[in-house]
Amino acid sequence: MLSADEFTGSWQLSRVITDRHSDQAGTLLGTARFETVGAGALLYTEVGELRFGTSPAMTATRSYRWQFVGDAVDVRFDDGAAFHSFRPSGHAQGTDHPCGADFYQVRYDFSKWPQWQATWQVIGPRKDYESASCYWR
């Protein structure tokens, strides 16, 4: 089981987004950083250049709070609302997250640590895409 200390610091980030609604693909290249903000708590912040189809590149950012509790990580949005949880080991299925009528499912892969991946499947009336992120030092 990976600990908060093992995630702390900066990571390179590469993401491929396949949007099935628009039949377009996007990429994000950037960095992700985990900063300690309390006992077993990390602030995750990412910044990158997002390119979608033939549109001009734009800067994309997001942040979450990761709280390590026992053998799991609870992920929360900036406002403290629950997002999902997972076990940081091997191939890990995260808990599902309904968002209105759309539905988010995540699968983590820590089997090649310190390289790891997070792949989201998002389906619903407003969204239909896959987002596959790869992290490495």
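Guide: Two residues are said to be in contact, or to touch, when they have heavy atoms within 4.5 Å of each other. The model above is predicted. With this idea in hand, we may begin with isoleucine 17, which lies in strand β1.

Visitor: Which residues does isoleucine 17 touch, not counting residues up to four places away in sequence?

Guide: Isoleucine 17 touches Gln24, Ala25, Gly26, Leu50, Phe52, Tyr129, Glu130 and Ser131.

Visitor: Is isoleucine 17 buried or exposed?

Guide: A residue is called buried when its relative accessible area is under 20%. Isoleucine 17 has a value of 14% and is therefore buried.

Visitor: In which strand does alanine 41 lie, and what is its relative accessibility?

Guide: Alanine 41 is placed in strand β3. Its relative accessibility is 1%, so it counts as buried. Leaving out residues up to four places away in sequence, alanine 41 touches Glu35, Thr36, Arg65, Trp66 and Gln67. Here the chain and the space can be compared again: histidine 91 is 50 residues from alanine 41 along the chain, and the two C-alpha atoms are separated by 22 Å.

Visitor: With which side chain does the side chain of aspartate 102 make a polar contact?

Guide: The partner is the side chain of arginine 126, at 3.1 Å. Aspartate 102 is found in strand β9, which covers residues 102-112. With 1% relative accessibility, aspartate 102 counts as buried. Its contacts, residues up to four places away not being counted, are His97, Ile123, Gly124, Pro125, Arg126 and Lys127.

Visitor: We turn to spaces in the structure. How much space lies in the largest pocket, in Å³, and which residues lie nearest its centre?

Guide: A pocket is an open space, whereas a cavity is one from which a probe cannot get out. The largest pocket holds about 270 Å³ of space. Its lining has 17 residues, and Arg15, Arg62, Tyr64, Tyr129 and Ser131 are those nearest the centre. Strand β4 gives the largest share of this lining, four residues. By class, the lining comprises 11 nonpolar, two polar and four charged residues.

Visitor: How many cavities of 30 Å³ or more does the structure hold?

Guide: There is one cavity of 30 Å³ or more. The volume of the largest cavity is about 160 Å³. It is lined by 16 residues, and those closest to its centre are Tyr44, Tyr64, Tyr108, Trp120 and Tyr135. The strands β3, β4, β6 (82-86), β10 (115-123) and β11 each supply at least two residues of the lining. The lining divides into 10 nonpolar, three polar and three charged residues.

Visitor: How many disulfides does a search of the whole structure find?

Guide: A disulfide is a covalent bond between the sulfur atoms of two cysteines. The search of the whole structure finds zero of them. Cysteine 99 counts as partly exposed, at 29% relative accessibility, whereas cysteine 134 counts as buried, at 15%.

Visitor: Is the peptide bond from tryptophan 113 to proline 114 cis or trans?

Guide: That bond is cis, with omega near 15 degrees. Proline 114 is located in the loop between β9 and β10.

Notes: Residues are numbered from 1 along each chain as its sequence is written. This is a predicted model: local features need pLDDT of at least 70, side-chain atom pairs count only at pLDDT 80 or more; totals for chains, interfaces and linings use all residues. Side-chain values use heavy atoms; hydrogens and water are left out. On a 1 Å grid over the protein atoms alone, a cavity is a set of points where a 1.4 Å probe fits but cannot get out, and a pocket is an open set with protein on both sides within 12 Å along at least five of seven lines; lining residues have an atom within 4 Å of a point. Grid points are joined across faces, edges and corners, and a volume is the space filled by probe spheres set on the points. Ala, Val, Leu, Ile, Met, Phe, Trp, Tyr, Cys and Pro count as nonpolar, Asp, Glu, Lys and Arg as charged, and the others, Gly among them, as polar. A disulfide is a pair of cysteine sulfur atoms within 2.5 Å. Buried means under 20% relative accessible area, exposed over 50%, partly exposed in between (1.4 Å probe, protein chains only). A polar contact is a pair of N or O atoms within 3.5 Å; within protein, one must be able to donate a hydrogen and the other to accept it, and residues adjacent in sequence count only if both atoms are side-chain atoms.
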